[in-house]
Amino acid sequence: MSAKKIFAKAYIWILLIVLYSPIVFIAVCSFTEAKSLGNWTGFSLNLYKSLFTGGMQNSNALLSAVYNTLLIALIASIVATILGTIAAIGIFNLKGRKKQAIQFLNNIPMINPDIITGVSLFLLFVFLHISQGYLTVILAHITFCTPYVVLNVLPKLSQMNPNVYEAALDLGATPFQALRKVMIPALRPGMISGFILSFTMSLDDFAVTFFTRGTIGLDTLSTFIYTDARKGGLTPELRPLMTIIFLIILAVLLFINIRSSKNTQESK
Amino acid sequence: MNETDKIIEVRHLSKSFSGKKVLEDINLYIRRGEFLTLLGPSGCGKTTMLRMIAGFLQPDEGSILLEGKELAGTPPHLRPLNTVFQRYALFPHLDVYDNIAFGLKLKKTPQEEIDKRVRRVLKLVSMSDYEDRDVETLSGGQQQRIAIARAIVNQPKVLLLDEPLAALDLKMRKDMQIELKEMHKKLGITFIYVTHDQEEALTLSDTIVVMNEGRIQQIGTPTDIYNEPVNSFVADFIGESNILNGTMICDRKVSFIGHDFDCVDEGFGEDNPVDVVVRPEDIYFVDKEKAQFSAKVKSCVFKGVHYEMFVDTDTGNELMIQDYDAFQPGTEVWLRIEPDDIQVMRKERTQNTFDGEVIDNETVRFLGGDFKCDASAYSSGDKVKVEVPFDKVDLLDNEEEGESYGNVIFILYKGDHYHLTIATPEGEKVWVDTNDIWDKNDQVGIHILPEDIHLRKAEGNE
């Protein structure tokens, strides 16, 4: 092997190690009982046990944080998918400069740092006298998820034959039937990827949630971990929780990748 | 004609897109069971018209009647018409069967009836056994058949076809033309067909509507349109032709290419300028005694069935001739044109006329530019008509050097010169006779000498 090849191989391995070692570290540490992270006191499944049986001190708070996270992510990404799809259809049918302007406006929230989005939403809700809690967190999540759905649906629209919608009308479909029976099936792949992206964006959001959750003690996983870590170290049961979340996400990603590679093979 | 024979009637239809007129005062009717073709170059408004009949566009003015009832205001899904789109527009997520059954299912047709009708139309388009196929696995021609099947399964009163064969290759197109014609006979449905392909239109249609720049140029049977074009646009667009400047000497006598000919046309007055069309297959090689004029062969190309020759006449005009016999370049030939084969057309215009405004006593503004000329008889601000002969307009390579500029949009060869149509950015048209060779879409500067600009007081001036 030439030096060049060795370097190329080493590079990719170093990169992978840097990227994945923290996750592997947490996963390994989830199989020991040591209170402080990094100590190894022998293999044990006790942390997993106490996570599921509620043996830890604030397990109720943790469970409700997980529940909140999932519920907020689900509602926000469903609403964002609907809003984003409708918006994409609207933007697609605009012409010239108007279209460019709206697409530009759609891109800004994605580039905008989360912290700024969070603070400005916080100020907006205060200004409008909306008491902060579930509603404001969900509204905030819809706000930053929708542009991603728009971005995923727009290319599907330009791939679509422009006459397909008219063909449905021509064959006797009302505009709503044409939307449901022809447009939505054609846009579905874009809507699904927009939904998944929104769901994960919402899952791991911290900054926006932190500023819009108000003072009623609403916690999502990210804010819970943040508060928990500030109160004298991470609760040990979070290690198995993170490991499980990582494994679920890995499984979902693998599933999607395998399915899409199968699809491209079939269409060939 | 019996009123109930008209299935569709279009009255005073006009449409503009962002201020630009696409259709202007269109009037026509379509008979029940007819195969009618809207024919014209791209941008002539034919597709716009079809889309208005289908209901995808609303007319600005005028009305469209279906069996005497106004269609405006009826949304497309309630019109008993079906469309075959240019790029098929099949539903990619449905298989062949579900594509065809789409309309029937929406109408809540019983399943057995759907099965029967889908099978029948599949047979009609020779696509039986394809029911379960994914539409994206079909070839272009097959997809087009499914698109036709999907439309006719609903038994529409009128079938609208928007350049349905444009995306197919030549061989496939020829086959489909024959099939379409047979389908039309078998089904008895009225077809409205849009195409820019004159040969397709001649092959398929009962009636052809030739359109250009948003106006109907001529309506007639294929033979009428081919043999008796009403103006030089139609003559040039349909088939090959020699279009020449001529003078009507008196009834049944016309002069062109420097010779007098007998013809069958009357009512053009005496000594009036006219356009003359002679089809290349209607110029005959004859013996010297029978000849009307002589010419020298310039080029000769074999075209499969006939030879296509270009000849220079004794008076310096170029003619295209098609004949089964070949004459080699350089040969002196004797030619004759029969009276029946000479088509005389009124000239649409004999000079350019523009609306202008006097700026000062030596400047007039028209075509978006300031032209020098003698305007001393007028005071500044006067509205005038500006007249310029076709051959007095100079075209310049550099658009900056002219008083105004424009694009070459239409070129007609008239035997010894080119007749060009130039469109200025504001959409005004300038007609120019020139010996120089320009290409379509060339940007040209427009220059006119002061002595060639003639002013006339505009009528209806305050």
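Two residues are in contact if their C-beta atoms, placed from the backbone, lie within 7 Å. Keep that in mind for this tour of a predicted model, in which local features need pLDDT of at least 70, side-chain atom pairs count only at pLDDT 80 or more, and totals for chains, interfaces and linings use all residues. Residues are numbered from 1 along each chain as its sequence is written, while chains are lettered from A and ligands numbered from 1 in the order in which they are written.

**Stop 1: where the chains meet**

Select chains A and B together. The contact takes 18 residues from chain B and 15 residues from chain A. On the chain B side, β6 (81-84) and α2 (96-106) are the elements that give two or more residues; here helices (H or I, at least four residues) and strands (E, at least two) are DSSP runs, numbered from the N terminus. The most comes from α2(B), with three residues.

**Stop 2: all of chain B**

Look for eight helices and 30 strands. Its C-alpha atoms fill a box of roughly 80 × 65 × 45 Å along the principal axes. Of its 462 residues, 36% count as buried, meaning that 20 or more other C-beta atoms lie within 10 Å of a residue's own C-beta; with 12 or fewer a residue is exposed, and in between it is partly exposed, all with C-beta atoms placed from the backbone.

**Stop 3: strand β6**

Zoom in on β6(B). Which residues point one way, and which the other? Leu81(B) and Thr83(B) share one direction, Asn82(B) and Val84(B) take the other, and all are buried. Thr83(B) has Leu160(B) as its bridge partner in β7(B).

**Stop 4: Ile53**

Select Ile53(B). Leaving out residues up to four places away in sequence, Ile53(B) touches Ile8(B), Ile64(B), Leu81(B), Leu160(B) and Ile192(B). You have already visited Leu81(B) in β6(B).

**Stop 5: Trp334**

Finish at Trp334(B), in strand β19 (residues 332-337) of chain B. Is Trp334(B) buried or partly exposed? Trp334(B) is partly exposed, because 16 other C-beta atoms lie within 10 Å. Now select Tyr284(B): 50 residues separate Tyr284(B) and Trp334(B) along the chain, yet their C-alpha atoms are 8.3 Å apart. Not counting residues up to four places away in sequence, Trp334(B) touches Phe285(B), Val286(B), Asp287(B), Lys288(B), Ala291(B) and Ser294(B).

Notes:
Two strands pair if DSSP finds at least two bridges between them.
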